[in-house]
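Here are some friendly notes to read alongside the model. Please keep the sequence and the 3D view open as you go through the points.

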Amino acid sequence: MTKIDYDLTKIKGIAFDVDGVLSPSTIPMGADGVPMRMVNVKDGYAIQHAVKHGLRLAIISGAKTEAVEARYHALGVQDLYMGSTVKLPVFEQWCAKHGLRADEVAFVGDDIPDLPVMRVAGLSVSPADAAPEVKTEATFVSCIGGGHGVARELIEQVMKAQGTWMDDVHAFGW
């Protein structure tokens, strides 16, 4: 795991894109023409653990699927913004809703629609297989591809920096 060069102790919120970040960018298509997403269980563990420790998490995605909403609601994520084709206003509203300053927030994106948010977030993160333009502007480029543990890597580093990763008996359960 490559260390993120940012003061992670001040991170209070993390927002994620879905396709290419929380799921791989190659997505199987259902017989009905609806894309099916894969999820990473280690990302899931980290997400629910972070929520239990008070880290604000959001999903901001252009996709609109009930399965994605159900998955992240089940993990405790309350702020899901599906169908967000223009993400910056949604990101700004989410930050305002929770009183988060830009330097207290990380955003993880992988493609061109994510760039406006990445440019204002204090910490911008991209998976290893993100679009070249995104990797150029990211504060941190993970060595992990989208859908294969990028969220876990970021959350784990943030929580370790804040002393909340595996800090009590609750860390060892769901």
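1. Helices (H or I, at least four residues) and strands (E, at least two) are DSSP runs here, numbered from the N terminus. With a relative accessibility of 31%, glutamine 162 counts as partly exposed; buried means under 20% relative accessible area, exposed over 50%, and partly exposed in between (1.4 Å probe, protein chains only). Setting aside neighbours within four places in sequence, glutamine 162 is in contact with Leu8, Thr9, Lys10 and Ile11, where contact means heavy atoms within 4.5 Å. Its C-alpha atom is separated by 20 Å from that of glycine 76, 86 residues apart along the chain.

2. A word on what you are looking at: this is a predicted model, in which local features need pLDDT of at least 70 and side-chain atom pairs count only at pLDDT 80 or more, while totals for chains, interfaces and linings use all residues. Residues are numbered from 1 along each chain as its sequence is written, and side-chain values use heavy atoms, with hydrogens and water left out.

3. Now step back to the whole chain. How many helices and strands does the chain have? There are 6 helices and 6 strands, and along the sequence they follow the pattern β-α-β-α-β-α-β-α-β-α-β-α. The radius of gyration (taken over C-alpha atoms) is 15 Å, close to the 16 Å that the globule rule gives for 174 residues, so the chain is as compact as a globular protein of that length. That rule is 2.2 Å times the number of residues to the power 0.38. Along its principal axes, the C-alpha trace spans about 45 × 35 × 30 Å.

4. Of the 174 residues, 50% count as buried. Among contacts between residues at least 6 apart in sequence, 57% join residues at least 24 apart.

5. Is aspartate 114 buried or exposed? It counts as buried, because its relative accessibility is 2%. Not counting residues up to four places away in sequence, aspartate 114 touches Asp17, Lys87, Phe107 and Gly109.

6. Valine 86 lies in the loop between β3 (79-81) and α3 (87-98). At 56% relative accessibility, valine 86 counts as exposed. Valine 86 and aspartate 114 are 28 residues apart in sequence and 8.7 Å apart in space, C-alpha to C-alpha.

7. Methionine 36 belongs to the loop between β1 (13-16) and α1 (41-52). Its relative accessible area is 45%, so methionine 36 is partly exposed. Leaving out residues up to four places away in sequence, methionine 36 touches Ile27, Pro28, Met29 and Gly30. From methionine 36 to aspartate 110, 74 residues apart along the chain, the C-alpha separation is 18 Å.

8. Finally, the cysteines. A disulfide is a covalent bond between the sulfur atoms of two cysteines. Counting a disulfide as a pair of cysteine sulfur atoms within 2.5 Å, the total comes to 0 disulfides. Cysteine 95 is buried, at 8% relative accessibility, whereas cysteine 143 is exposed, with a relative accessible area of 57%.
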